[in-house]
Amino acid sequence: MHITIFGTGYVGLVTGACLADVGHDVMCMDVDRDKIESLERGELPIYEPGLAAIVQRTSALGNLQFTCDPFRAVAHGAVQIIAVGTPPDETGAADLQHVLSVAESVGRHMAAPKVVVVKSTVPVGTCDQVAQRIRAVLDRHGSDLDFDVASNPEFLKEGAAVTDFQRPDRIVVGTISPRVRSVMSEIYEPFNRNHDRLLFMDVRSAELTKYAANAMLATRISFINEVADLAEHLGADIEQVRKGIGSDPRIGYDFIYAGLGYGGSCFPKDIRALLHTAGQLGCKASLIEAVEDINQRQKSRFVAKITSHYGGAHKLRGKTFAVWGLSFKPNTDDIREAPARAIIEALWNAGATVRLFDPVAHAAAIRLYGGRSDLVIAPDKYAALDGADALVLCTEWREFRAPDFREMGSRMSSRTIFDGRNLYVPERLRGEGWTYYSIGRPAVSGASDWSLPIAMSA
Ligand code: UDX
């Protein structure tokens, strides 16, 4: 099948590479010429495990091509997949200008019937807008060519996007056209052999499914973070509570890890976009509003934990904090809406210096914060600790799970850890003389034999 993908961000590129890898003839189009030229040289704009090898292999075979030329792009695919960004505008609504400009291009350049597939995360009703835009352009050119618009949201987790694409839980397709159903079945047939994962539904339900899935997952995270707050006040341990509730198959263990809250390019943006849609419709989405509020509060509560340890924000002036982890989660260099940023910026605002280590996000850190005198980027996790008053752990990278605490202690000026991801066992750290704060668990102090009372309010 000849397929064109618009947008070479992580969704477009993963989709294009994985479809090419099973033998489809794919052309990826992007308006960013530099990006296309680097992709042609085999250089990827993002870090995504397994992706580079597939891009190189499929490019060498000729199944995956790149272009900046919209005419070539539209001519190539019987199927035109839109995977461009939908960043929030100043009101929190998804900005559809890139999606609609692709629709415009398709309408302008198409010379044969097309199936247009919207993969970008878009508000309900966008597929209808895309169809109207293409029809208007065709009308302007006096063309009566036929086309269909279907919704096919993605459910790719960054860091696992390739395997998520290759082994999907479900493939949601919004269309009521039998012809489009058969085209989409053919595209996804290689990923749909053992179990039928294709779920066909109407277009609007497919569009809403994407937002509902992300809102549900975000709700679980905010829920557990709220219970973690209660646990701190009650002297309970959220990690025990997590196991206690996760063992119920109706609840399950996934997405109930307490931490600094969700970040990344999807959850925060999608939650706000959904709230915006609800607002426009006059619907009260109180639960989703609370999910967003709790997520914001989670970061400020963590900062409050740090400041209260030192006796107030003014006491942070001149202190040095080692920060482990900047990316919004492990296995990605993506720092969009990363909770670590809010923590680091709060430390800076209080006059502290940050010594940062992240396994892959240093280039992103330099792009964002380069040139700041209160930021030191350390070559490894131990070097980040040199002379630090405390370690602040923001992302649960695997290499942070079992560090050499003796080595750590010898480098720091105080054995203090603020752990935003609950990576360590409090009792063990207390035994080794550490003062240790985490999320939803009693803080421990190695300096004496008592638990630090935590009575925090946001
Ligand atoms: C998410 C969805 O999982 C994916 O289906 C969708 O298509 C895009 O958005 P992604 O943004 O890559 O994917 O991140 P994900 O792995 O889902 O994690 C989101 C955030 O939630 C991270 O910041 C993570 O640290 C946080 N999280 C996750 C928790 O705080 N606790 C948990 O239990 C799980």
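**Exercise 1.** Work out where the ligand lies relative to domain 1 (2-201) and domain 2 (202-458).

*Solution.* Start with the shell around the ligand: both domain 1 (2-201) and domain 2 (202-458) give residues to it, so the ligand lies between them. Keep in mind that this is a predicted model. Next, look at who is in the shell. There are 19 residues around the ligand, and the closest are Glu158, Tyr257, Tyr262, Gly264 and Cys266. Sort the shell by class and you get 11 nonpolar, four polar and four charged residues. Finally, check the helices: H9 (residues 203-234) gives the most, with three residues.

**Exercise 2.** Find out whether Cys266 is buried or exposed.

*Solution.* First, locate Cys266: it's in the loop between helix H10 (238-246) and helix H11 (267-281). Then count its surroundings. Cys266 has 23 other C-beta atoms within 10 Å. A residue is buried if that count is 20 or more, so Cys266 is buried. One more thing: an unreviewed UniProt entry lists Cys266 under "active site".

**Exercise 3.** Describe the largest nonpolar core and say which members touch the most others.

*Solution.* This core has 76 residues, and Phe6, Val14 and Ile82 touch the most other members. Helix H9 supplies its largest share, 10 residues. Now check the domains: domain 1 (2-201) and domain 2 (202-458) each put in at least three residues. Apart from this core lies another one of 46 residues, including Leu393 and Phe400. To finish, zoom in on Phe6. Skipping neighbours within four places in sequence, its contacts include Gly12, Met29, Ile82 and Val102.

Note on methods:
Residues numbered from 1 in each chain as written. Predicted model: local features only at pLDDT ≥ 70, side-chain atom pairs only at ≥ 80, totals over all residues. Near = placed C-beta within 6 Å. Helix = DSSP H or I, 4+ residues; strand = E, 2+ residues; numbered from the N terminus. Nonpolar A, V, L, I, M, F, W, Y, C, P; charged D, E, K, R; others polar. Domains from an automatic or database assignment. Core = buried A, V, L, I, M, F, W, Y, C linked by C-beta atoms within 7 Å. Buried ≥ 20, exposed ≤ 12 C-beta atoms within 10 Å, placed from the backbone. Contact = placed C-beta atoms within 7 Å. UniProt positions renumbered as here; feature names shortened; annotations may be inferred.
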